[in-house]
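Subject: Structure handover

Hello,

Here is the structure we talked about. Please open it alongside this note; my findings follow below.

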Amino acid sequence: MRDTPVTASKVVVRFAPEDLDLFRDASGDRNPIHCSADYASRTVYGERLVYGALGAIACLGHIDLGPDMRIAKLVADFQRPMFCGVDYAVHRIEGSPFCVRLMDGGLPVVTVTLWKDSSPRKGFESTGVCQSHSYWKLSEPVCRTEEEIQPGLRVSGRYHCDPTALVHLCDRWAVSATASLVQTLLWGSYFTGMDLPGRSALFFRLSLDFSDHQANDDTCEVLDYEAVVTKVDPRLSQVRCQATLKGTTSQAIKAECMSFLRPSLDSPNNSATEISQPLSNDLAGKVALVIGGNRGLGAEITRFLVSHGCTVIATSRSPGAQNGVTTFSGSAADAAWLQTVRDAIQKQHGKLDFLVCNAFPAINPLRMEFNAIERIQAYLQQATALVLNPLCVFMEMLDASGGRAVIVSSTATQRPVKEWPHYVAAKKAIEGLAEVAALQYPRVQTMIVRPNKLLTEMTNTPMGRQNAEPPSRVASKLVDHLRGPAQPGLTLLEFPEPA
Amino acid sequence: MDDTGKRLAGCFQVVFPDLREAEIPSASQQTVAAWDSVAAITMMNVIEDEFALQMDLDDLADLDSFEKVHAYLQKRLQVA
């Protein structure tokens, strides 16, 4: 609490991709949100997440856990996502319980709270088996649906971390805690990220009770675990599990894991591969380029354009195929690459009628403080490039055909979101670009579209999903406008605020 | 402060451990830097555990100050 001394050290912790790889090797947690840059780029986070338990281990490195100190209880709260390359300050809060926290500026990201066990050591020497190699059953995370994860669901397994990687991990973060304690943190990550909930998990809290557990400092036992889901909150897709972990001794470690599920948004309305039956031929003969056309709103716009007879070319950072759509894999932030796309369109189709600038970077909450300056600047640069580059490359083609440029903005320009200074500023910037493009190319109809919060991977978080609208509704209305007569100059397409 | 308020203050201390005890009654989303959507979820969990009730997610957006949360809980507990 605030009335106890807080030591805000000048020490910072910064994670690198190699740190994630080492943790993966030590723990066996191969959840792609941490391991795969490609997978993570298609989530709301945009890049690999640092394991929460790795943040907790980094915190332990700032606690002097001498040989005589025993931990009765440990709670690790994974409050906000962590990323590589960000400086997280270490705050120590002395007292009982003892607390170490990683801070992103003024925001806590990981908090480890420890309760010491002041009772005398019982002198028990564990005869547990110390493995010379790892043991875990799962090499890929289990994919469980929300319907499967219900109170009473039980899972069990056997676990041992990789002992060699564990040593490297403890050296890397200067951890003096017992191998047993660190292994339990690794187990928590493996259990949540690989087993229950598995692939869609976002770890929120790990609570470990060691009061019945005795372990020789040098022993890292094979653990048999049994877990049961105790509570599911469908409003937030939050899951609570209780588990017991036993070595070959009879004393058990009690654990409680709390996590969120990231429900899959794969559905006919959200899949980029589903193209509906033709609705009309109103756009037959028209050629459209959708920047970021493989997912979310871009995929829906593509789908509706095709369903009205339009020839659609989509760009996407990830390779992917949509029926009836030519896809170029690359980033619109690369202007030189966009020029090759333009040349290909010119060669194949001879014209461009519609340009839809939909691509935008993933949004992670940021506060306007010193620690976030670089990230906000980088976001602004990338986000504006994703619209500036296509406008600069394609407006002449649109001008030649009297075509239309669509810039997907957001109601956040009118109702700013407190946690998104970078997103709000970037959307306002691209609206400015659209306004000037309309002046410089008056034959082109330039349309700014301001949808409300949409249910896409960009908003697929427990709170982000609340009151988010399906993108198909916006896409349908937009394409209906494109089917109508062109009105050169600047137009604005807005949507009513949700009730 | 009534008993509900004291218990709620305890919840706030869990969610915002850097908040001084004297600052809690006047705490709001505007004054507490760490009070974002993530903290709101944590607070909801802590309050639900403490008061053994289920909060309405739709109400969460409006509960942006200690005062409002306190009033909300007093109303809910009276009904109960």
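Start with A:Ser237, which lies in the loop between strand S9 (223-233) and strand S10 (238-246) of chain A. A:Ser237 is not a glycine, yet its phi is positive, at about 55°. Most residues other than glycine have a negative phi, and most peptide bonds are trans. A:Ser237 counts as buried because it has 20 C-beta neighbours inside 10 Å, and 20 or more is the cut-off for that label. Please keep in mind throughout that this is a predicted model.

Is B:Ala52 buried or exposed? B:Ala52 is exposed, since 8 other C-beta atoms lie within 10 Å.

One peptide bond also deserves a look. From A:Leu196 to A:Pro197 the bond is cis, and omega is near 5°. A:Pro197 sits in the loop between helix H6 (179-195) and strand S8 (201-209) of chain A.

Now the overall picture of chain A. The chain has 11 helices and 18 strands. Its radius of gyration is 26 Å, close to the 23 Å that the globule rule gives for 499 residues, so chain A is as compact as a globular protein of that length. Along the principal axes, the C-alpha atoms fill a box of roughly 85 × 45 × 45 Å. Of the 499 residues in chain A, 46% are buried. Take the contacts in chain A with a separation of 6 or more: residues 24 or more positions apart account for 74% of them.

Next, the helix packing. Two packed helices are described by the angle between their axes and the distance between the axes.

H7 with H11. Helix H7 (residues 296-307) and helix H11 (residues 471-483) of chain A pack at about 45°, and their axes are 8 Å apart. At that angle, H7(A) and H11(A) are therefore oblique to each other. Their crossing is right-handed. From H7(A), the contact uses A:Gly296, A:Leu297, A:Glu300, A:Ile301, A:Phe304 and A:Leu305. H11(A) answers with residues including A:Pro471, A:Val474, A:Ala475, A:Leu478 and A:Val479. By class, the contact of H7(A) with H11(A) has 9 nonpolar, 3 polar and 1 charged.

H8 with H9. Helix H8 (residues 335-349) and helix H9 (residues 373-401) of chain A pack at about 25°, with 9 Å between their axes. H8(A) and H9(A) are therefore roughly parallel to each other, because angles under 35 degrees count as such. The crossing of H8(A) and H9(A) is right-handed. A:Ala335, A:Leu338, A:Gln339 and A:Arg342 of H8(A) meet A:Asn389, A:Pro390, A:Val393, A:Phe394 and A:Met397 of H9(A). That contact of H8(A) with H9(A) divides into 6 nonpolar, 2 polar and 1 charged.

H9 with H10. H9(A) also packs with helix H10 (residues 421-440) of chain A, at an angle of about 20° and with axes 9 Å apart. H9(A) and H10(A) are therefore roughly parallel to each other. Here too, the pair crosses in a right-handed way. Among the H9(A) residues in this contact are A:Ile376, A:Tyr379, A:Leu380, A:Ala383 and A:Val387. Those from H10(A) include A:Pro421, A:Ala425, A:Ala429, A:Ile430 and A:Leu433. How many charged residues does the contact of H9(A) with H10(A) have? There are no charged residues, beside 15 nonpolar and 2 polar.

A strand residue comes next. A:Ser329 belongs to strand S14 (residues 325-329) of chain A. A:Ser329 counts as partly exposed, with 13 C-beta neighbours inside 10 Å. Neighbours within four places in sequence aside, A:Ser329 is in contact with A:Ser316, A:Ser318 and A:Pro319. A:Ser329 and A:Ile291 are 38 residues apart in sequence, with 10 Å between their C-alpha atoms.

Last, the interface. Chain A puts 17 residues in contact with 13 residues of chain B. On the chain A side, these residues are 8 nonpolar, 3 polar and 6 charged.

Best wishes

Key: Residues numbered from 1 in each chain as written. Chains lettered and ligands numbered in written order. Predicted model: local features only at pLDDT ≥ 70, side-chain atom pairs only at ≥ 80, totals over all residues. Contact = placed C-beta atoms within 7 Å. Nonpolar A, V, L, I, M, F, W, Y, C, P; charged D, E, K, R; others polar. Helix = DSSP H or I, 4+ residues; strand = E, 2+ residues; numbered from the N terminus. Rg over C-alpha atoms; globule rule 2.2 N^0.38 Å. Buried ≥ 20, exposed ≤ 12 C-beta atoms within 10 Å, placed from the backbone. Axes fitted to C-alpha atoms, helices over the stretch in contact; angles between N-to-C directions. Parallel < 35°, antiparallel > 145°, perpendicular 65-115°, else oblique. Left-handed = near helix turned anticlockwise from the far one by under 90°.
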